[in-house]
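Got your viewer open and ready to click around? Here is a short tour that tells you what to select at each stop.

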Amino acid sequence: MVSFSMPMLGFLLLCCLAAGTEATYLKYKDPKQPVGARIKDLLSRMTLEEKIGQMVQIERSVATPDVMKKYFIGSVLSGGGSVPAPKASAETWINAVNEIQKASLSTRLGIPMIYGIDAVHGHNNVYNATIFPHNVGLGVTRDPALIKKIGEATALEVRATGIPYAFAPCIAVCRDPRWGRCYESYSEDHKIVQLMTEIIPGLQGDLPANSHKGVPFVAGKQKVAACAKHFVGDGGTTKGIDENNTLIDQNGLLSIHMPAYYNSISKGVATVMVSYSSWNGKRMHANRDLVTGFLKGKLKFRGFVISDWQGIDRITSPPHANYSYSVEAGVSAGIDMIMVPYNFTEFIDDLTYQVKNNIIPLSRIDDAVKRILRVKFVMGLFENALADFSLVNQLGNKEHRELAREAVRKSLVLLKNGKYAEPLLPLPKKAAKILVAGAHADNLGYQCGGWTITWQGLGGNDLTVGTTILKAIKGTVDPTTQVVYDQNPDANFLKSNKFSYAVVVVGEPPYAEMYGDSSNLTISEPGPSLINNVCGAIKCVVVVISGRPVVIQPYLAKIDALVAAWLPGTEGQGVADVLFGDHGFTGKLARTWFKTVNQLPMNVGDRHYDPLFPFGFGLTTKPTITKE
């Protein structure tokens, strides 16, 4: 039997402790290490199963703790309208996201998942969030400083709910308003879209001066990873049909649809989402030349490339007809993270089989995983994986709503002001009795459009918190002015009341993606008859709530004043601010307003350019100075 002295025992104990400490030091968990060293260290420890898990993004509804742990899932998303509870609070969101995250952190290597959500005009899935005007209105402002502030506010509201990743901005160049996503595009002119990429440093933070080109950057816990989408040519499809074919030569693709990607990458955008559409017949989700060759190669993009929702399924027609082919084509094209979002075991099984049988090389998997880990390391997700409640008061706060209201004011375009050189706007606040008509005047859902609370958007006033145009008008006019609201007044009503003037608010219903594709671009009934009836009887200003230019020429002669308000979001007060002269009209069209749909597609610079209102058009007014 060997006997040890007490000092000797103490020495051995110290040695054991030191060895234990050394064993638990993991280079990838050390924030002092360079990102490259952390990626290399972590990748060297990962099994194939763990690597493929990182490439998978699944929907919140199937992301149970067990699934996260068993399959090492790298990312989770909320699809449009996917919420932990109806009208969920910021705290409810945080708890739901953290519960999923805790499962990821409990795995062998403790790699945090990244949670993504469509925050395309503010944090639009979330009750009580500030809903900003859709991009079609923001392009009108041509104001990158304003757009950057909107990015900053959106980042804070997204982080307020514990989410670190937003699928925004959409940098599509919509060349045909018949496309159902045209409102997600800032302009038909790539130069305006390029200006608006300033939302990226708003969302992610300003790129440090010494950054390398193409390296993603996210400045910590009050910022989110952004996503430039949809690569590339999504706004150029034939007849504006969603997810269809963009027929254009390489020069056209590079000079119209690509430029905003140069700006996005130079601003450190963390991720790029691939488009459902095709370019000259080849599906973008299978286009290795553009995704790997151009985006990753020529543009030196070092963040990760993500598919759209079931994007690889739609490589085939019909979708999901040959899924193993879709997996091979999509991953080989250079897509790093697949938004599966439900049948994840099928994807994992197919990809695992293909790697084990050398159909897809392990080097392609390693490239994908390095990119995903790079974004996670850069944004500090390993150090701050779990959200706290410190930002919950940012959701829908007064400052953000004031910013949205300013954006509404600057996005309005005055297309006509008065007949016979007598301006109608700004409207007098003091009048005996005024009429407000049209379903869109008192409908927060219509005002916000698609991608609001749900994917397709909603009607009515119960969807979230905000100010309708009617409420804004009532709060702006003189207390002695009687405001009468009638959604669809008849001729007798119009005759028997002596109205000083009318505000008629008409437009489109909410829609998103293919459900918004339209070959006729008309405003909803009874909008046209409402314009004819009211404007035929009373001096009227018509406010159009729409995601794009719509057919207005047949009614123009009857209208005294015409305002394009696009999809202004929750802060309807911005519309009243300008109608009544507290602020002037400044907006200029960022889209051509056609006479008839037969002219489409018609964009500024085309040889046959004969619009109703040309690109860049917009009348201005001066603010009214009220005498005290």
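Before the first stop, one definition: two rings of Phe, Tyr or Trp count as a pair if their centres lie within 6.5 Å. Keep in mind, too, that what you have on screen is a predicted model.

**Stop 1: a ring cluster.** Select Y28, F377 and F382; ring pairs link these residues into a cluster. Across the whole structure, a search turns up 12 aromatic pairs. Zoom in on Y28 and F382: how do their rings face each other? The ring centres are 6.3 Å apart and the planes sit at 80°, so this pair is edge-to-face. Now colour the chain by residue number, and you'll see that the pair joins distant parts of it, 354 residues apart. Y28 lies in the loop between helix 1 (6-24) and helix 2 (35-45), while F382 is in the loop between helix 15 (362-378) and helix 16. Is Y28 buried or exposed? With a relative accessible area of 1%, Y28 is buried. F382 counts as buried as well, at 15% relative accessibility, because the cut-off is under 20%.

**Stop 2: helix 2.** Next, select R38, I39, D41, L42 and L43, the buried residues of helix 2. What do they pack against? Show helix 3 (48-54) and helix 15, and you have their packing partners.

**Stop 3: a serine in a strand.** Go to S75, which you'll find in strand 2 (residues 75-78). S75 has a relative accessible area of 0%, so it is buried.

**Stop 4: two helices crossing.** Finally, select helix 7 (residues 144-160) and helix 16 (residues 398-411). They pack at an angle of about 145°, with axes 10 Å apart, and their crossing is left-handed. Which residues make the contact? From helix 7, show L146, K149, I150, A153, L156 and E157; from helix 16, show H400, L403, E406, A407 and K410. Colour them by type and the contact of helix 7 with helix 16 splits into 6 nonpolar, 1 polar and 4 charged residues.

Terms used: Residues are numbered from 1 along each chain as its sequence is written. This is a predicted model: local features need pLDDT of at least 70, side-chain atom pairs count only at pLDDT 80 or more; totals for chains, interfaces and linings use all residues. Side-chain values use heavy atoms; hydrogens and water are left out. Axes are lines fitted to C-alpha atoms, for helices over the stretch in contact, and angles run from 0 to 180 degrees between N-to-C directions. Helices (H or I, at least four residues) and strands (E, at least two) are DSSP runs, numbered from the N terminus. A crossing is left-handed if the near helix is turned anticlockwise from the far one by less than a right angle, and right-handed if clockwise. Contact means heavy atoms within 4.5 Å. Ala, Val, Leu, Ile, Met, Phe, Trp, Tyr, Cys and Pro count as nonpolar, Asp, Glu, Lys and Arg as charged, and the others, Gly among them, as polar. Buried means under 20% relative accessible area, exposed over 50%, partly exposed in between (1.4 Å probe, protein chains only). Rings of Phe, Tyr and Trp (its six-membered ring) pair if their centres lie within 6.5 Å; planes under 30 degrees apart count as stacked, over 60 as edge-to-face and the rest as tilted.
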